[in-house]
Amino acid sequence: MIISFPDKKKRRIYKENFLYIIMMIFGFLMLVPLIWVVLTAFKTEPEIAKLPITWLPESFLNFDNFVQMFAEQPFGRYFFNSITVAVISLISSTAIAVLAGYAFAKIEFKFKEFFFLLILSVFMIPAEVMVLPKYLMMAQIGWVNSYLGLAFPDLFTAFGVYLFRQFMSGIPDTYIDAARIDGASEIKILWHVILPLIKPALAAFIIIKFMFSWNQFLWPLVIGQKQDMFTVTVGLVAFSGQWYNQWNLIAAATVLSIIPMLLIFVLLQKHLVQGLVMSGTKG
Amino acid sequence: MSTVRLSNVSKSFGNLRVVSDVNLEISDGEFLVLLGPSGCGKSTTLRMIAGLEETSSGDILIDEKVINDDDPKDRNIAMVFQNYALYPHMSVRKNLAFGLKMRNMKTSTIAEKVNEVADMLQLSDLMERFPAQLSGGQRQRVAMGRAMVRTPKVFLFDEPLSNLDAVLRTELRSELKKLHMQLKTTSIYVTHDQVEAMTLADRIVVMKNGKIEQIGTPKEIFHNPKTLYVAKFIGNPQMNLHEMQVKKINNSIFLTASSLSIPIPKAVINRTNTSYLKDGATISMGIRPTDIFINNAGNKKGAFKAKMILTEMLGAETLIEFGIEDLNFKAIVEDDYGISSGDLFEVGMNFEKIHIFEDTT
């Protein structure tokens, strides 16, 4: 019997298409929870409780959940709080991480490795362990129920120092030498030479940091005890009761809470992708 | 334009001493080349002059002013790096202007100076390109432009041509020489390439293990190497070097090995330290491949019987390798007269060009 195989090119195309199909299936599976939440945000409570389940809402123009959500809880305030905390911690942690990363990557000083390990060790302690001591500290300073108190654990991040140190270590020292001879001070070198070269790392850091800060739950719950200091994540819990969850409102609030992160991602995506492309094509 | 002086300059990294008591004077407008193999301390010396490395001891002076503690930006020097060090996110124009901008110059003055240098280096058409869009030669030109645009007191070059291919290197070498003739700025150039050193330098400093072996004009270094190391390092193919014994017969001195005996002319003795020309002493005898010739004129005086080992056609010349007794020599000759491997023939040597070194390793 003669078995005929498709030629090599065809076989490659089949293989590629098969891989794409697999990837699409997994991609879709990952999107299912998000799609479900978005669809739920437009459903009425009876629709949500209905069995068998229905995927699509009866009307996509049903914004009642969004209206009710703002009526029941001061979500405008929660959004403002979350954004304020995220921005404060983003600015502070980026500034500290960039400066520290530069020092660890490019400046020689005594006990450099020891201090770097010390900073890295912060990584190794679970955040939950530090909640109580931090709370006691905040209480003594008087930062409970304040934006500084909310942002406090995120003002500095060991991850940022590590990320920027690694990225900056890859930048040839001769750029810095050349800039020093060209008359630039250390701060100007950092601003004019180093920062433009680490844009992809900056973009990645801002996305990760913003997401981390935005999604914080335990710390804001502990430190922001008055309703006007609640963040979005804490506010969402208000719709969950001991016996009953208002899924329609939770879904609507969740959909709105995703928007700032999506915006940040869309804005910085170019730099992130550029960074990935650059690192892939460098000789 | 300026003078540069290094006075007992040393540099150590921990217990490792990489530069030892270097004393140098570079006169106004001079092109000085620091030459030596990797790890000889030449780049460290240059970086100390630039202010990118601190000296462990000694003084560096520009125009007789000690600049040890001055920042690189305050030394009024410019440096061209081996890997160009062009800022990859800036266009050629911005790269050229960066040094002037950092010195808070007026925008109009910056534009004027940048355009002037761009014209001089034929970069005008490339001003909006980024370094990644330039060829190696163009990048090196931009790097030179960036150094020139500030009209510094001293130019420092750290192996600026070593990343280029052979043809481009020769081309840029000539351009560099022309530029120096035009600008007459004091320049210090580091290289491990003896051809670059020979062609560019007013004076060459040969370095070994952080110390200066010899300072001299390219001719002095080539024709009168002071140490065995310099003799080995300069010249391609390398100088023929053999261990020989000194033999004094009456008032004449001979160098002998096996049954080979070479008479040493007075001129050689006069330029050699006679303290080690003692009867029976072991020395190194050197003769350059260009100072040996095939003796086809029947001149018996100073001729040696040789056996051809190998001939290599180089183009206008031929490199021959042959043996006299059990000593092998190389020579560059215009014509090999059809002598092949294994043939016996006669060679002559220009005895006046013999070099004698005390050390044998």
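A: What follows starts at the interface and then turns to pockets, cavities and a few backbone details.

This is a predicted model, in which local features need pLDDT of at least 70, side-chain atom pairs count only at pLDDT 80 or more, and totals for chains, interfaces and linings use all residues. Residues are numbered from 1 along each chain as its sequence is written, chains are lettered from A and ligands numbered from 1 in the order in which they are written, and side-chain values use heavy atoms, with hydrogens and water left out.

**The interface**

Chain A brings 16 residues to the contact and chain B brings 24. Contact here means heavy atoms within 4.5 Å. About 1700 Å² is buried between chain A and chain B, and carbon and sulfur atoms give 65% of that area. Buried area is the accessible area (1.4 Å probe) that two parts lose on being put together, summed over both.

Two salt bridges cross the interface of chain A and chain B. The term covers a side-chain nitrogen of Lys or Arg within 4 Å of a carboxyl oxygen of Asp or Glu. In one salt bridge, A:D182 meets B:R150, with N to O at 3.7 Å. Seven residue pairs, both at pLDDT 80 or more, are in polar contact between chain A and chain B. A polar contact is a pair of N or O atoms within 3.5 Å; within protein, one must be able to donate a hydrogen and the other to accept it, and residues adjacent in sequence count only if both atoms are side-chain atoms.

On the side of chain A that touches chain B, α9 (173-181) and α10 (186-197) of chain A are the elements that give two or more residues. The most come from α9(A), with seven residues. Helices (H or I, at least four residues) and strands (E, at least two) are DSSP runs, numbered from the N terminus. By class, this side of chain A has nine nonpolar, three polar and four charged residues. Ala, Val, Leu, Ile, Met, Phe, Trp, Tyr, Cys and Pro count as nonpolar, Asp, Glu, Lys and Arg as charged, and the others, Gly among them, as polar.

**A pocket lined by both chains**

The second largest pocket holds about 810 Å³ of space. Its lining has 26 residues, and A:D177, A:R180, B:G51, B:L52 and B:E53 lie nearest its centre. At least two lining residues each come from α4 and α9 of chain A and from β1 (4-13) of chain B. The largest share, four residues, is from α9(A). The lining divides into 16 charged, seven nonpolar and three polar residues.

On a 1 Å grid over the protein atoms alone, a pocket is an open set with protein on both sides within 12 Å along at least five of seven lines; a cavity is a set of points where a 1.4 Å probe fits but cannot get out, and lining residues have an atom within 4 Å of a point. Grid points are joined across faces, edges and corners, and a volume is the space filled by probe spheres set on the points.

Four cavities of 30 Å³ or more are found in the structure. Two or more lining residues come from each of α4 (136-148), β7 (154-158) and α5 (166-183) of chain B. Four residues, the largest share, come from α5(B). The lining has 10 nonpolar, two polar and no charged residues.

The second largest cavity has a volume of about 70 Å³. Its lining includes A:D154, A:W214, A:Q216 and A:W219. That lining divides into five nonpolar, five polar and one charged residue.

**Pairs and backbone**

Over all chains, the structure has 20 salt bridges. A:K106 and A:D173 form one, with the closest N and O atoms 2.6 Å apart. A:K106 lies in helix α4 and A:D173 in helix α9 of chain A, so this pair ties together parts that are 67 residues apart in sequence.

Most residues other than glycine have a negative phi, and most peptide bonds are trans. A:N145 has a positive phi of about 60° although it is not a glycine. The peptide bond from B:N236 to B:P237 is cis, with omega near 0°.
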